[in-house]
Amino acid sequence: MLTPQWLDQLRSRTALSALIGRSVRLQKAGREHRACCPFHNENSPSFYVNDEKGFYHCFGCGAHGDAIRWMTDHQGLAFMDAVKELAAEAGMDVPAPDPQMARAAEKRDSLHDVMAAAQAWFKASLSGAEGAAARAYLATRGFDAHTVQRFGFGYAPEGRQALKEALSRFPEPMLIEAGLRIAVEERDPYDRFRGRLMLPIEDARGRVIAFGGRILTKGKTDAPKYLNSPDTPLFDKGRTLYNLHRAAPAARQSGRIVVVEGYMDVIALAAAGIADAVAPLGTALTEHQIEMLWRHVETPTLCFDGDTAGQRAAMRAITRALPLLRPAHSLRIVRLPEGLDPDDLIKQRGSRAMEDILGEAKSLVEVLWEAERDAVPLNTPEDKAGLKARLMAHVETIQHPDIAGLYRRELQDRYSEFAFPRRENRWQQGGAQGGGGNFQPRQNQRGSGKWNGKPSPAPSSPESIERLNTRFAGAGTRDALSAAIIAGLIRWPAQLARHAEALARTPGLDPRFETLVDCCGATDALETEVLATILRDNGLVQPKAAEYAGLRFGFLIPETSEEQAAAELAQAIDLLVERPVLEAALAKATARFESELSDSAFAEQQRLLKRKLEFDSRLRQMATRHAS
């Protein structure tokens, strides 16, 4: 069976311009080739071929595809005949068919049929009498008939069995597998989408693979405002970008792709003439989605709302992008005025204002600096040292050595300007005015002996400091603290939103925290069973008691009240967030002391060591407070 990897290799071995150039006269145009489109009659060239990205596109008729698509659409070959011909030219052997994979492909085609039928029914329902509320809502958003038609809006009627009855030709298991119906134990399956304005989510070929639905009845306070299809054989939300199949051609003209937070933002921008926008689907931007964007433009622009949630989303995107950075590939970031989303901004100030804001996008390194600088008050030297530790922790995640070095230098320069502003040198002034001045080096004393140029030995050797650092953090206790807090958040899910921002901006945490934080933007109500299921669905395990054995936090004890659990959980999370900053600062101070042997380095190390001992004592007291 032809795997996606094998097909990608076939495409990479095929020079697309040479293939198309056999039947179309191409002209070199920078890094591309252009011609009059072979799919429709035109007088000026609007057909472009890009060998680097491996596709052709016509801005006139919208024809778009790769080498295989060219052979099927232009040369008239069947898919397998096209593959065999290209493989022969590329010197590749066509794999023998795999019956099991063939059945899986046939099954996928069947699910595509289901989704196409559901989309047709949703659109018909929007036009009927029962779709009046949905049409009224679309009118309030200012979407004209062309926009409604272009994006395929529909309506899912009320009724738990309405879709099943409309799509009765498809078996129940297929409707469930497509994500259109929900199966529950000891109850009849029911329609996932009911009483909602519907929007199809399409793949790169424009085929419907999922749906998003917006609730219309204001009285349903317990129902999520937006509801998306679950992951299915057709739909992987972490690998899908809404509207990419429309935005990619537009991006070739504008040279940019704009990433907004939701699909309604995408449609509002498109209605205002900004056609190069995409959106993730209910999750933070993933590594796969960043790579997808880079296939089209080297520096996508991320546009976030100006509220706290938007700032948190920006930082999560930054932390995911940093390890992936490579030469000429990065992100630019825009934050909208507080309280406005793209639709609000366009309605209040017009599309020109939106274009102006997009033109002021900041670089990733600048936004990273500003976000960490403004994350917490920086009133003390320890606070400022914590800032530097957080910045360097981000740098350590960058895999490309040249980019990591440049980021380190850039952030250190910014930090130095902030932490050590230039001051007037009074000693130099005194020397200039007084013929050399009267500055004398101070005599440093520790106890009764004068300092002889080297600090007294630290009471704790580097080995003992290392043992101190690992007594709780190394040897699994840090993991135990993380596991205990994760168990506490699952037991008390209402506390998750309260601490999501602090957890999201803390580097190096247990990956289960990221999954739980992502749930804060989910549409389903957060319950213990839901969080446990989400961890399991993401290949993660719910913490067992053995993971945090010996840690007797109050929020893990059955008889603890919700108020007491919330207070103790907050204290434990404060320790979890503080620990990496304190450890990084202490490690750096120790390294500085060992290299400089200066009095100031010794004092800084001892101050941080004292803080570390106090920290360990606080953790020990919290973890054993409820021991029997």
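1. Basis of the values. The model is predicted, so local features need pLDDT of at least 70 and side-chain atom pairs count only at pLDDT 80 or more, while totals for chains, interfaces and linings use all residues. Residues are numbered from 1 along each chain as its sequence is written, and side-chain values use heavy atoms, with hydrogens and water left out.

2. The five-stranded sheet. Strands β1-β2-β3-β4-β5, in that order, form an open sheet with antiparallel pairing (strands are DSSP runs of E with at least two residues, helices are runs of H or I with at least four, both numbered from the N terminus; two strands pair if DSSP finds at least two bridges between them). Because β1 (27-29) and β5 (64-65) are the edge strands with a single partner each, one side of each has no neighbour in the sheet. Between β2 (residues 32-35) and β3 (residues 47-50) there are three bridges, and His-33 stands opposite Val-49 in β3.

3. A helix across this sheet. Helix α10 (residues 244-254) lies across β2, β3 and β4 (55-58) and runs at about 80° to β4 (axes are lines fitted to C-alpha atoms, for helices over the stretch in contact, with angles from 0 to 180 degrees between N-to-C directions).

4. The four-stranded sheet. A further open sheet has the order β6-β9-β10-β11, again with antiparallel pairing. Its edges are β6 (154-156) and β11 (226-228); each has a single partner strand, so one side of each is without a neighbour in the sheet. On average, neighbouring strands here are turned by 35° against each other, direction ignored. Seven bridges connect β9 (residues 196-202) with β10 (residues 208-215), where Glu-202 stands opposite Val-208.

5. Helices on the four-stranded sheet. Helix α6 (residues 132-141) touches β6, β9, β10 and β11, and its direction makes about 70° with that of β9 (contact means heavy atoms within 4.5 Å). Helix α11 (residues 263-271) also packs on the sheet, touching β9, β10 and β11, at about 100° to the direction of β11.

6. A helix pair. The axes of α22 (residues 496-504) and α23 (residues 511-518) come within 9 Å and cross at roughly 130°. The contact involves Leu-496, Ala-500, Leu-503 and Ala-504 of α22, together with Phe-513, Leu-516 and Val-517 of α23.
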